[in-house]
Amino acid sequence: MPRLYVDTTLESGQEITLPPAAAHHVRSVLRLARDAEVILFDGRGPAYEARLTLVSRERVQALIGAALPDCTESPLAVTLVQSISRGERMDYTLQKAVELGVRRIIAVTSLRTVVRLDANRAQKRLDHWRGVVMHAAQQSGRTLLPAVEGVGTLADWADRATGTRFLLQPAAPAPLARQAAPAGPVTLVAGPEGGFAEREVTALLASGVTPVALGPRILRTETAAVCALAVMQALWGDLA
């Protein structure tokens, strides 16, 4: 059944007009007609069965039915702090992170970040990344829409960060898989192309971040966080 994100609070029995993006998808991409059944979610949970009551060039309306049981969200609340990478590499990381159940994404710049954004470009990239996240949540059956925040510096984030935090470091003495299960939310920190600078690593460790490795090989920036999230979900989340 087609699944659509709508930025509108949903309730059973309510009839709503779909926002333009969702209406376009129904009308021009899926080519659905009146009485077609869809699943709608607002990113705050749960998802709902719905029936299209009007499909026209001007608008698309749907009658909200029963709420669906939530069986897709992980019990593990993970925030990903990702140093910005170039173009499709960043998109890939965000898309796969959403598929792997991440709850929150914070995009940061660090000393070796290749991409440099002024205020205008930073806002455009945030809007783009939020679109990537929305489509990934829609495709993967999520009921919660992960928040995408940024763009600040790694140092700004580290100054206010608390809780269980893991830093992906190829030379770390202990692997991620041997860490104790976190008692609550957990944050994963992943570097840019070339990794974090030595002074950044020193500052993170001084703030209480735990360095962890993923194995003997060096992973690309777009691969590292995805691999780590899969390990965390297997050990402490979806499959625990």
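Leu40 stands opposite Tyr48 in β4, in a predicted model where local features need pLDDT of at least 70, side-chain atom pairs count only at pLDDT 80 or more, and totals for chains, interfaces and linings use all residues. Residues are numbered from 1 along each chain as its sequence is written, and side-chain values use heavy atoms, with hydrogens and water left out. The protein chain has six helices and eleven strands; these are DSSP runs numbered from the N terminus (helices H or I, at least four residues; strands E, at least two).

**The open sheet**

- Strand β3 (residues 37–41) runs antiparallel to β4, and five bridges join the two; strands count as paired if DSSP finds at least two bridges between them.
- An open sheet is formed by five strands in the order β1-β3-β4-β5-β2, with mixed pairing.
- At the edges stand β1 (3–5) and β2 (15–17), each with a single partner strand, so one side of each has no neighbour in the sheet.
- On average, neighbouring strands of this sheet are turned by 40° against each other, direction ignored.
- Helix α3 (residues 119–140) packs on the sheet and touches β1 and β3, where contact means heavy atoms within 4.5 Å.
- The direction of α3 makes about 150° with that of β1; axes are lines fitted to C-alpha atoms, for helices over the stretch in contact, and angles run from 0 to 180 degrees between N-to-C directions.

**The loop at Glu58**

- Glu58 lies in the loop between β4 (47–55) and β5 (60–67).
- With 67% relative accessibility, Glu58 counts as exposed (buried is under 20% relative accessible area, exposed over 50%, partly exposed in between, with a 1.4 Å probe and protein chains only).
- Pro20 is 38 residues from Glu58 along the chain, and their C-alpha atoms are separated by 9.6 Å.

**Strand β6**

- Six of the six residues of β6 (residues 78–83) are buried, so this strand is largely enclosed by the rest of the structure.
- Val78, Leu80 and Gln82 point one way, while Thr79, Val81 and Ser83 point the other way.
- In a regular strand, side chains alternate between the two faces of the sheet.
- Strand β10 (residues 186–190) pairs with β6 in the parallel sense over five bridges, and Ala190 in β10 stands opposite Gln82.
- Strand β7 (residues 104–109) also runs parallel to β6, joined by five bridges, and Ala107 in β7 is the bridge partner of Gln82.

**Helices α2 and α6**

- The axes of α2 (residues 87–99) and α6 (residues 221–236) come within 8 Å and cross at roughly 10°.
- These helices are therefore roughly parallel to each other (angles under 35 degrees count as roughly parallel, over 145 as roughly antiparallel, 65 to 115 as roughly perpendicular and the rest as oblique).
- Arg89, Tyr92, Thr93, Lys96 and Ala97 in α2 meet Thr221, Glu222, Ala225, Val226 and Leu229 in α6.

**Helix α5**

- Glu200, Val201 and Leu204 are buried in α5 (residues 198–206).
- They cover an arc of only 100° around the axis, which puts them on the same side of α5; the arc is that of the directions from the helix axis to the C-beta atoms.
- The buried residues of α5 pack against α4 (154–160) and β9 (164–168).
- Exposed Glu198, Arg199 and Ala206 sit on the face of α5 turned away from its buried side.
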